[in-house]
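Thank you all for coming; I would like to take a few minutes to walk through one model with you.

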Amino acid sequence: MLETESSESTDSDATAIRGQDIVASLGDIRKTYYMGALSVEVLHGISLDFYQGDYISIMGPSGCGKSTLMNILGCLDQPTEGKYFLGDQDTSKMEDDELSSIRGARLGFIFQSYNLIQQLNVLENIEMPLFYQGYTEADSHEIAMGLAARVGLDDRVDHKPFELSGGQQQRVAIARALAVDPLIILADEPTGNLDSKSGAEILNLFDELHNQGKTLIMVTHSDEMAERSQRLVRLRDGLVESDDRRNA
């Protein structure tokens, strides 16, 4: 397990009350997909601020825009209109190479299907983001070993993904997401492929990350995850239906 380690005035007041910095800000985000002469607007003007240490669940019915919103937050796609600031950087008009660079340096991803490289062992999978950020082999090894221990897999570092349970694979994915100490961790249905016991273990890890001050944004259909998160954003028809903060 892990070791412990609107209006402008309204936004300003909220920041002062929480004593937290805004780490990501969406301003009137719209996204339209074009298919020949047909255009489909999926997001109709999303404005949200995310604060350092937020633990957020994003929920909503199929087709409401959750995946599109997460792709924009993850710099995997860009809005058609509006502004997206990640930290102090406006990503809205960045070129692909700039988006790739900011993804690698400032974001950690956790996917429902784990997205591990099957030919690599646990340690090598955790090291991958560090390799792309130019860390030395020695530093990458030290960091990855520490992260493997933090998620309880220090005795499995030589195992390949197919030799691990689903819950263990997701722990590897969490360690990999933490490798570059990202500004935000983005998770897409992180317990969706897990049994209830493994899912609960992953949720416990997320609780610990939140307690350590990490910023987590997750798309989920899980009521249990939503109940454990600090903030619940509900989307419907490409708009924010509600934004509720609990236990703040």
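This is a predicted model: local features need pLDDT of at least 70, side-chain atom pairs count only at pLDDT 80 or more; totals for chains, interfaces and linings use all residues.

Let me start with a question: does Phe131 count as buried or exposed, and what is its relative accessibility? Phe131 counts as exposed, because its relative accessibility is 58%, where exposed means over 50% relative accessible area, buried under 20% and partly exposed in between, with a 1.4 Å probe and protein chains only.

Residues are numbered from 1 along each chain as its sequence is written, and side-chain values use heavy atoms, with hydrogens and water left out.

Staying with Phe131, its ring centre lies 5.3 Å from that of Tyr132 and the two planes stand at 75°, so the pair is edge-to-face; rings of Phe, Tyr and Trp (its six-membered ring) pair if their centres lie within 6.5 Å, and planes under 30 degrees apart count as stacked, over 60 as edge-to-face and the rest as tilted. Tyr132 is exposed as well, with a relative accessible area of 61%.

The structure holds two aromatic pairs, and one of them joins Phe109 and Phe111, stacked at 6.0 Å centre to centre with 5° between the planes. Phe109 counts as buried because its relative accessibility is 18%, whereas Phe111, at 27%, counts as partly exposed.

Phe109 also brings us to the largest pocket, where it is among the residues closest to the centre, together with Arg103, Gly104, Pro129 and Arg176, out of 18 lining residues. A pocket here is, on a 1 Å grid over the protein atoms alone, an open set of points where a 1.4 Å probe fits, with protein on both sides within 12 Å along at least five of seven lines, and lining residues have an atom within 4 Å of a point. The space in this pocket is about 530 Å³, and α3 (96–106), β6 (107–111), α4 (122–132) and α6 (166–178) each give two or more residues to its lining.

As for the whole chain, the secondary structure comes to eight helices and 10 strands, taken as DSSP runs (H or I, at least four residues, for helices; E, at least two, for strands). The C-alpha trace spans about 50 × 45 × 35 Å along its principal axes, and buried residues make up 46% of the 248 residues.

Conventions
Grid points are joined across faces, edges and corners, and a volume is the space filled by probe spheres set on the points.
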